[in-house]
Structures are given as structure tokens and as C-alpha cells.
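Please read them beside the sequence and the coordinates.

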Amino acid sequence: NLERCNILANHKTHLLHLFHQKVLLFSFSLHCPDNKKYFLSYKLRDAVTDVVKVAGSGIQADSYDKLSEYRIGLIDGFANGEDIDRLPEECKIFHEDTREMIDALAAGEIDVAVCDRGVVKYLSGADEKLVPIEALTYRRPLYVMFHDRDLRDSFNASLKKLVKNEEDRTV
């Protein structure tokens with residue numbers, strides 16, 4: 001049921017719990033888990049993460065350390081990588097999801113937001129009020145993570161039929 005999937009997708013922490021409890025057969029992963037009990041698909045694509053601001057806000061940062069001068073919107077429970085995770089806690093403001101974070105940015109409750117480029121584009125449509133701070137954009141590979149090797153292999157076989165770039169197997 002698509003409506004149910006949309007509701008669950010907004011609660012990433014809950015989804016990961018369901019995956020670890022083996023209620024879900026697969027989950028998306030931005031990194032390879034430290035343990036060997038999961039099986040990763042071929043790389044789907046690179047997830048592009050931006051630090052976005054309101055256009056014309058005057059906010060400037062050419063390094064992650066400079067973000068400590070601002071109120072930073074983050075999604076609760078999401079690891080953003082060392083550069084952002086090591087920033088002082090007092091500058092971080094946590095949100096349930098990207099929609100809530102974008103609304104807080106538009107309302108001036110936060111100065112910048114760390115979020116997936118595709119999600120921001122989807123949620124804001126043609127609205128060009130939010131712009132990335134290009135120097136702080138980063139990419140991470142995106143995989144589908146499975147409990148079962150055979151299910152992963154079947155997924156990869158189907159995925160291989162859709163591959164556009166055989167060299168890195170991105171879709």
C-alpha cells in the first residue's frame with residue numbers, strides 16, 4: 001500500500017528497527033554496515049547531500065567548521081558523516097523529517113539544513129528559495145541492504161538488466 005509506505009518512509013528510525021527485527025526484507029543503506037550479517041546490492045546511485053540555505057540569506061560557509069556559527073537543521077537519528085556529526089550540539093536542531101526541516105528553514109527557525117538533494121527537490125518543486133552551499137555538498141553510495149543472500153542476488157540480477165553504466169553498475 002503506497003500510502004502506508006509513504007508514512008513509514010518518514011520514520012526512518014522505525015524502518016531500520018523493523019529491518020533489524022526482520023519484519024522488512026530490505027532497507028536502503030548509505031554505507032556498508034560494520035558487521036557481515038547483511039548483504040548489499042549493487043550500487044544504485046550516489047546519494048547527494050546538500051547543506052541548503054534560503055537564497056539571499058547572506059549565509060556563507062566554505063567549510064563544515066564554519067557551520068558551528070549557525071543553527072543547523074538535521075534529521076533526528078541520521079548519521080551525516082564525521083564533519084557534521086562532530087559539530088557542537090548547541091548548534092544542532094533536530095527534526096522528524098525533511099519536510100519539517102524545510103518548513104523550519106523557511107520560517108527562520110534554523111539557518112541551514114542538511115538534506116538529500118533529491119528529497120529537497122521533490123518537496124520544494126520549482127520553488128528556488130532554497131539553494132545549496134556548493135562547497136559543502138557531499139556524495140555517498142546508495143545500496144539496498146538485505147538479510148538474505150539469495151534475495152539480494154535475485155535483486156541484483158533484475159537490477160543488472162536495468163544497468164546504464166556497466167562499469168560501476170549504477171542505475
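**Notes on charges, rings and fold**

1. Start with Arg71. Its relative accessibility is 34%, so Arg71 counts as partly exposed (buried means under 20% relative accessible area, exposed over 50%, partly exposed in between, with a 1.4 Å probe and protein chains only). Arg71 forms a salt bridge with Asp111, and the closest N and O atoms are 3.0 Å apart. A salt bridge here is a side-chain nitrogen of Lys or Arg within 4 Å of a carboxyl oxygen of Asp or Glu. This pair links distant parts of the chain: Arg71 sits in the loop between S3 and S4, Asp111 in the loop between H4 and strand S6 (112-116), 40 residues apart.

2. Basis of the values. This is a predicted model, numbered from 1 along each chain as its sequence is written.

3. Fold. The protein has six helices and eight strands. Helices (H or I, at least four residues) and strands (E, at least two) are DSSP runs, numbered from the N terminus. The order from the N terminus is α-α-β-β-β-β-α-β-α-β-α-β-β-α. Of the 171 residues, 39% count as buried.

4. Salt bridges. How many salt bridges does the structure hold? There are ten. One of them joins Asp50 and Arg117, at 2.7 Å, N to O. Asp50 lies in strand S3 and Arg117 in helix H5 (residues 117-124), so the pair ties together parts that are 67 residues apart in sequence. Asp50 is buried, at 3% relative accessible area. Arg117 is partly exposed, at 30%.

5. Network. Which residues do salt bridges with shared partners join into one network? They are Asp50, Arg117 and Glu134.

6. A further pair. Lys43 forms a salt bridge with Asp46, with 3.4 Å between the closest N and O atoms. Lys43 is buried, at 17% relative accessible area. Asp46 is partly exposed, at 34%.

7. Strand S3. Ala47 lies in this strand. It is buried, with 5% relative accessibility. Ala47 and Pro141 are 94 residues apart in sequence, yet 5.9 Å apart in space, C-alpha to C-alpha.

8. Aromatic pairs. The structure holds two. Rings of Phe, Tyr and Trp (its six-membered ring) pair if their centres lie within 6.5 Å; planes under 30 degrees apart count as stacked, over 60 as edge-to-face and the rest as tilted. Tyr64 and Tyr138 are edge-to-face, at 6.4 Å centre to centre and 70° between the planes. Tyr64 is in the loop between strand S3 (45-54) and strand S4 (72-75), and Tyr138 in strand S8 (residues 138-146), 74 residues apart. Both tyrosines are buried. Phe146 and Phe155 form a tilted pair, at 5.3 Å and 55°. Phe146 is buried, at 2% relative accessible area. Phe155 is partly exposed, at 29%.

9. Helix H4. Glu100 is found in this helix, which spans residues 98-106. Buried or partly exposed? Glu100 is partly exposed, with a relative accessible area of 36%.

How values were computed: This is a predicted model: local features need pLDDT of at least 70, side-chain atom pairs count only at pLDDT 80 or more; totals for chains, interfaces and linings use all residues. Side-chain values use heavy atoms; hydrogens and water are left out.
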